[in-house]
Structure formats: structure tokens, C-alpha cells
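Q: Could we go through this structure together? I would like to begin with the overall fold and then turn to particular elements.

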Protein chains: 2
Amino acid sequence: MTPPEAYQRLIRLYREARLLESISNLIGWDERTYMPTKGSAHRAEQMALIARMVHEQLTAPVVGESLAAVERTSVVAAPESVESVNVREIRRVHDRAVKIPAALVEELARVVTRAQNVWQEARHKNDFPAFAPWLEKIVRLKREEAQAVGYDGSPYDALLDEYEPGATAREITAVFAELRRELTPLVGEIAAASKAPRADILTRDFPVERQQMFGQAAAAAIGFDFAAGRLDTTVHPFCSGIGPGDCRLTTRYHPREFNQGFFGILHEAGHGIYDQGLEPEHFGTPMGSAVSLGIHESQSRLWENQVGRGGPFWEHFLPRLRQTFPGQLDDVTHDDFVFAINRVARSFIRVEADEITYNLHIILRFELEQALVAGDLKPADVQGAWTEKFQQSFGLTPPDDARGCLQDIHWSMGGLGYFPTYTLGNLYAAQFMDQARRDLPGLDDDFRQGRFARMKQWLNEKIHQPGMRWRPRVLCEKVTGKPLSPRPLMTYLRQKFGTLYGI
Amino acid sequence: MTPPEAYQRLIRLYREARLLESISNLIGWDERTYMPTKGSAHRAEQMALIARMVHEQLTAPVVGESLAAVERTSVVAAPESVESVNVREIRRVHDRAVKIPAALVEELARVVTRAQNVWQEARHKNDFPAFAPWLEKIVRLKREEAQAVGYDGSPYDALLDEYEPGATAREITAVFAELRRELTPLVGEIAAASKAPRADILTRDFPVERQQMFGQAAAAAIGFDFAAGRLDTTVHPFCSGIGPGDCRLTTRYHPREFNQGFFGILHEAGHGIYDQGLEPEHFGTPMGSAVSLGIHESQSRLWENQVGRGGPFWEHFLPRLRQTFPGQLDDVTHDDFVFAINRVARSFIRVEADEITYNLHIILRFELEQALVAGDLKPADVQGAWTEKFQQSFGLTPPDDARGCLQDIHWSMGGLGYFPTYTLGNLYAAQFMDQARRDLPGLDDDFRQGRFARMKQWLNEKIHQPGMRWRPRVLCEKVTGKPLSPRPLMTYLRQKFGTLYGI
């Protein structure tokens, strides 16, 4: 078999594994949108079977042989060619997969499918003890996974690497510490400011069907293609890119709360625009895949916050919002509205947090899950540890588990190592947007007129189309000319909220 | 490996194949309910991959070895034991599967996924020529399949056998001929009758959301468990049993037409009650599977027609229907309504046909698809052949393809050999119901009071729980004490429509 033939075989096998995985994504979407409650046990079996098959396919000896037959040949001579990138990343995935026993993969898939149902029920009933045994199972299995994969620094790195290739707990800790040093006093200044937004504007009568209609129109306006996607309702919003031509957004609504539904949609649409921007002919290969969760999150944050929570955006959309909810916003000026959607407050729920305190929510989770993975915190003690840390960071005591340690789906999905990518996303988003404003003068005028094509095009070219050509940090340097830094985010936050709050 | 060990291995492998297939059912459901239009090509790839994997699993040498190691041993000593039934049926499936080349299986899965989209579009545009090349591909592949599988009588038998194990075109032709001899004059008598139902009753204002609410309540009343299932909207209604705790019904509505939506739901709920009545611990094995499509159809027909189109049923439901559509049915008596939902008329659309002419629609399709499979009819000539046969049977000319040869999804799904099971279902339904009335005196009183538990329980025990223990015809004899016969159906039709039309 010649090296080019070995490469073709490698790509065929890898694509098949990703095709299988895309089926798993689809039935995972169904699980969280339309599956009847009694279907959970059977779904867990389906998920476990696919997880095992994907793992078998990724770890098959023929994959290792194909890699060996193509590495260090002329096929991968050019360092950033399609072939080189694909081989480099498949090698990474293959090496990781072979270290994890098949039984562990299957067990994890089965446990997390059931655990999500238990979590949903426990959250509904504010009953952490009902979820604790499942969290314990998951933490045990993820610790096993970390040991199997191996690590240089901390076991947490082995899990983090799956979501953010190359990142380490140590380096994230340093960045987050710097961020916290600046964010905490900023939150204090804002709390002490003499100006405050009108609290009543966003808790009026917003019928769900109209929220859905308005949100869908906004998602379409910024560039999400609904002929190649959908928007549905779920408990914990997510975006799932199934494959070329099929990307599913989800959100949740509250009939008397505007922010949750709308910014949820904008956020997920940002993810969706990334997925829809990947090159379809590279589907199932690294060149047609997202770089990392941090970069993925930068795309959702950019549209949700940098664009969607900005004044220019609402010059276009506020008149339309008034039409959608007749009479509800007649007494509200543009400035009132923009201030209201940017209200900063210490609060309990991460996904409803403002752009500043959001990061403090992440840091809390990052610290807790490091302790869980290190074995320093028992899963059964998470409730107490959460409360303690929350009091330290926010000066508040969560009134119940749904507004405390049960609010997020991630741990029930086995997603330990996932949370820090959210704040990385905020950092990347600010840095990308800073660059986009330099590259595209007059961007705010576009937004004022409801035009988002230049912005989307820029993201398509700079971020989406390169797939995994570069690792996250390299991509950041390629796009912005600078390494990742908390500066752009802090500058953006200080300027924006300084103006809003007059500080 | 001991015979009991070989049996365990066999069951494990077979269950896995069926688990994979249940994933394919789920993503097939999604394809026809929620998939965005641009997702079709990717879905075809997903379906083809699973089809190939199922086929690989069913034909794996280890399955053949396990079968050989358990057949003619003490494990299968008792002829109708769980083990014997499972081994017998897995042998049948394995032998069939090994005869069909993997490439053909994969190609068929890919072609039919795309073809369904083409069909939907062509039907919408009344454009048979757009669909013809796809029909040609499908007929060619199905003919290849028939040759690969082999047959004694006609190649059609090889395809029919997949849906109705053991049935032959020859024996069905004989039964259908007898049926047609009796049905054709009956249709004539009815057309000449002096009584006729009021035509306006069912074409009033029936808002879709209320139809859905009412239909869902009726499905729940007859025993479909919505905690283990759903009801959604689609172009061509179907029921898909995904697995224990998960069964999906679909229907379509017309805002000024009652029958289509409601009886569609009742029909699919009948299928669903069968699927929900299978033994969950036998999921994925023949003992936990439906006997045949003919028997499956008997369950939908029984609830739709024998129960749902009967007078007693509407003594309970008509008052509720009046409440659901206030003002719409004030001038309609119970007898008016029951007559209206049983109106007999020569018409174009099979799924909207009455209980009598329905079977003539099936006979037409049965004859056409036999000719296609035999190679006597070219796929491109189906449009003309359809029109000619329709004129012969119904004395009418289809005004367009949507009301002619493009009305059904089946051929686009590769389902040649499927249609006759519908009329077999009608025959079985009448014979089962006849027996149920003997076993359960006062059944109509149950229905008058909206009680369906005894009926459902009887079906659960007699038909659903035995799984594939007996082949369809044997099951019929076990349940009714008699071989399948057109007599019960003809007696039922003559009596019911004789009374309604006063003939």
C-alpha cells in the first residue's frame, strides 16, 4: 500500500467514525428535545453501542497502521497542508483513544445518558442527594479516564485536552487569576454606581410563541441558515451540528423574561454559524472540524454579547421587538433597553449572568471540578463546597440546588474539563472582535442597519473555513497577530460598562 | 463453547444488530418529521452506514457458527420455547442476509433515503418523470435482491417474505381474487343505494391544534402510553417503534377535513399499542418482535375500523368531539356522524379510502408491483399502467400524479412487497375481532362507555406478548381456531354497510 493509498484508507475510516458520531449527536439531540421519558433506558443502550463502535473504529489497528504508513512520507511534506493537518489530528485522537479501555467508553456513555435524566429530575426537585450517587459514578469513571490517558501536570489536563487541545490547568489558572483580580473590583464599582438600569423592562409579558418567532428571525438575520437547521425547545440549551446541511439549535423560554430565550438563541446561533461555516467536503475529517470548544464558544459569545448586547444591534432590532410585543415596550427608550439587557448583578444562575460576573461563575466551577478530579473533593460534598465558594465569590447563599450545584447539565454529561472553555471563549471573542473592527471599518453601521454579512463572512474566512488547521492559540495569533490575552476582554468590559454605569 | 453459551452469544449479537436498527428507525423518524431539507444527503450517508453495519452483524461468521452450535441441541429441544423460536427466526434472518451482498444493502439504503426526498418533491409538483429514474434504480436493486435471495414461485415471493414470512404471491392472488369478486358488486350496490351520508359533515372547520388534542386524547383512551411515545406531524403517516419505552406515531392534518387526521392517529396508535405490548425483556430478539407486517396491520385496522368507525365508539366520543369543535356539529346526530365517517365512494387516494374500496386500491398496487419485479412493467411506464388499471377498477381517471401513482411513499422506500400486507391486515383484523367478541361478551358496551382496557388486554395477551412464537397463519389459528379466511371480513362489511346503506 502506497502512502497516498494509506492516507485514503485513513480518511475513509476516520470519516466513518465521525459519521457514526454524528448519528450519536442526532439521537442525543432527540433525547433532550422529543424523547418520551420512558425511552431513557433504551436510549442509553443505543448511545453506549455507538460510543463503543466509534471507539473501536478510532482504535482499530488498521488506523494505527495507516497512520504509520503515511507519517514521514511525501504525503505530509507540507506542514499545514490538508493532509498534514488531518494526519496530525487523527494521530492525536487515535493515541488518546487507544489509551482508554473500550469497556470504560461504553460504561461512560451508558452512565451519562441515564445520569442526565436523573439530573433533570433532581434539579426539578432541588434534590442534590438524588443526583450525588450518579455524580460519584461519573467522577470515578472520568478519573479512570484521566489515569488511562496520562498527563504531565495534573489529571485535570487529561480531560481538558479533549475539549481544548493543548491547554493546561496551570496556564488557565494563571489567566483566570488575572481576570478575577480585575473583575472583582469592577463588580464592586458597578454595585456602588449611582446609575442602575430599570429592572422592570425585561420581565413583562413576552408570550413564548412570539419570543420564538422573534428569536428565529434574529438568528436568520445574523446568518444562520434555517433550511440547514432548526430551533427547538429544551431544558438546557445547546447547539448540535449533525453534519453538512443539518445543525440543531435549542433554547428555553420564560413567558415573562426576555433575556433567557433571546440571548440563548443568539448564543446557540453563533455556534450554529460556526458549524454551518465548516467546509462540507471536509466533513468528518479534522480539516472540516471545529478547532476547540474554546474557539467554538468564542463564536457564540461574539454574536450573543459583542454583537447582540451592543447598542447598534438594537437600533435595528428594537423597533421590530416593539412590533412583536405590542404595547410592552412603549415607555422604553433605546438606551433604557440596552442598559437593561446589560444589567450587572451578582446572581445565582450562570447562563443568566451578565458578561462580567459570568466569568466568576466559571472560575468557581473550574476550581470545584479540579478538586473533584484530583480526588480532593468528594462528589457527595459538592453541595457544601459550592455554597461555601459561592459565598466567597458572590457574597450570596444559593437558596436551593436548582440555583446552586444542580443548575448545569455538564457534570451529568461527563463534561468535566468543559467549563473553562466558556471563559476562554469570552477571551477569544473579545480579541477576535477587536481585530474584526480593525479589519472592517464601519462595522457598527452595518449592525445599525441589520446587516451582518461582512461580520459573518470575516468569521467564515478567518475562523470557520480553516477547520483544525491550527491549534486554538496559533489560530488566535494568525487572526489577531497577538497571543491570547485577557487585555481585549478587560478593555471591552471596562469601556462598555464604564459608559453604561457612568464609572 | 457449550450450546447454552453459543445461544447467549447468538442473542447478544442479534440484539446488537437490532439495537443498531432501532437507531436507524429513530433517525428515519427524524428524517420524516424534523430534519431540515438540506440534511438529506448527510442523512443518506448515516442510513447507509447503519444498514451496512446491521448487515455485517447479521451475516458475521460468528452468527452462523453460533447457530450451528446450538441447533439440534437440548437448548432448542422444546419446539415452541423462547430459545427455539429465537434460534428458528435468527436462522431465517441470517440465511436471508448472507445471500444479499453488503454493497447492495448499502446502496439500497443510500438510494431510498434520497429517493424519499425526490418522491416528496415530485408528489408536490405532480411530476412522475422526476421520480421515474429513482424508481428505476430502486426496482433494479430490489430485483437484484430477489435474485440474490432466491425463490420457488415468483421473484416477488423473495421480497414479500421479508414483510410476511412464509406468504407467497400465488396464495395472496387467490385470496385477493375471491375478495375482489365479492367487493366489486358490493361497491356497485352501495353506489345504487337510495340512502347516502351527508357529505358536508366532515369538511367543516376543524382547527389543526384541536384535531391534534382530540386525536391524542383518543389514542390515550384506547391505551397508547404517551409517557412512552409521541405524536408528530408528517407527510406520509407512520408509526415507528424505536424500542422499549419509545414509540413514535405520526399523522397529517387538514384544517377542513376530519377523517384524515383522526383515523390516521387511531390507525397509527393501533400499531403503537402493538409495539408497546411487546415484551421489553425480549427486545431485540424474535420473541420480542412483531410477527409480520400483516399482523401489525391487523392491529392498526382493528382500532381504526372495527372499533373507531363503529357506532358504540362514537356514543362515547361524539359528545367530546362537539365540545372540542364548538358549534361545528350541533346539527349532526350520532347516526349522521357514523354514516358520514363510513361513506363508501370510489376515490383516488388509498389512505383516505373507505373500508371496502381500500382493498381494491391494494389489489391494484399488488398487481403493478408484481409486474415491476417480474420485469414485465418498466418503471417509466408506471404512470400509464396505473391510469389504465385505475380506470378498470374504479371507472375513474386520476387527475394528476399526486392522486395517482405518486400518492404512496412505499416504492420510494424500497418497500416492494409491502402493500399486500395491508389487505392481509384487514382480513386478520376482522377475524380477530370476530373472535374477541366471542371471548369478551359486552364489548360494545365497553366502547360506549369509553372503556378499552378489556380489548387491549385481550390483544396484548393473544397477539402482542407471544412475539414471533408463531408464524402469522399459525397465530391466526391459535387465536381464532380457524385458518385465515376472507369470510369474517366479508361478513363484517356486508352487515355493517348493509345496515348503513339499507341494502
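Predicted model: local features only at pLDDT ≥ 70, side-chain atom pairs only at ≥ 80, totals over all residues.

Q: How does the radius of gyration of chain A stand against that of a compact globule?
A: The two agree: a compact globule of 503 residues would have a radius of gyration near 23 Å, and chain A has 23 Å. Along the principal axes, the C-alpha atoms of chain A fill a box of roughly 75 × 50 × 45 Å.

Q: And how many of the residues of chain A count as buried?
A: Of its 503 residues, 60% count as buried. The accessible surface of chain A is about 18,900 Å², and carbon and sulfur atoms account for 51% of that.

Q: What share of the contacts in chain A join residues at least 24 apart?
A: That share is 74%, taken among contacts between residues at least 6 apart in sequence.

Q: Let us turn to the strands. Is strand E3 of chain A enclosed or open?
A: Strand E3 of chain A, residues 246-251, is largely enclosed by the rest of the structure, because six of its six residues are buried.

Q: Which residues point which way from E3(A)?
A: Asp246(A), Arg248(A) and Thr250(A) point one way, while Cys247(A), Leu249(A) and Thr251(A) point the other way; all are buried.

Q: What pairs with E3(A), and is the pairing parallel or antiparallel?
A: Strand E1 of chain A (residues 229-233) runs parallel to E3(A) and is joined to it by five bridges. One of the bridge pairs is Thr233(A) with Thr251(A). Strand E2 of chain A (residues 239-243) runs antiparallel to E3(A), with four bridges between them. Here Gly241(A) has Cys247(A) as its bridge partner.

Q: How many residues lie between E2(A) and E3(A)?
A: There are two residues between them, and the two strands form a hairpin. Gly245(A), in the turn, has a positive phi of about 80°.

Q: Which residue has a positive phi although it is not a glycine?
A: Arg72(A) does, at about 60°. Most residues other than glycine have a negative phi. Arg72(A) sits in the loop between helix H3 (61-70) and helix H4 (82-99) of chain A.

Q: Is Arg72(A) buried or exposed?
A: Arg72(A) is exposed, with a relative accessible area of 75%.

Q: What about Arg72(B)?
A: Arg72(B) has a positive phi of about 55° and lies in the loop between helix H3 (61-70) and helix H4 (82-99) of chain B. Arg72(B) is exposed, with a relative accessible area of 76%.

Q: Since chain B has come up, what rotation superposes chain B on chain A?
A: A rotation of 180° does so, with 0.1 Å of shift along its axis and an RMSD of 0.0 Å. The two copies are therefore related as by a two-fold rotation axis. In chain B, the C-alpha nearest that axis belongs to Ile27(B), at 3.6 Å.

Q: Through which surface do the copies meet?
A: They meet through the same surface, because 100% of the interface residues of chain B are also interface residues in chain A.

Q: What is Phe131(B) in contact with?
A: Leaving aside neighbours within four places in sequence, Phe131(B) is in contact with Ala115(B), Val118(B), Trp119(B), Ala122(B), Leu406(B) and Ser412(B).

Key:
Residues numbered from 1 in each chain as written. Chains lettered and ligands numbered in written order. Heavy atoms only, no water. Least-squares fit on C-alpha atoms with pLDDT ≥ 70 in both. Contact = heavy atoms within 4.5 Å. Rg over C-alpha atoms; globule rule 2.2 N^0.38 Å. Buried < 20%, exposed > 50% of the residue type's maximum accessible area, 1.4 Å probe, protein only. Areas by Shrake-Rupley, 256 points an atom, 1.4 Å probe, with all protein chains shown as cover. Pairing = 2+ DSSP bridges.
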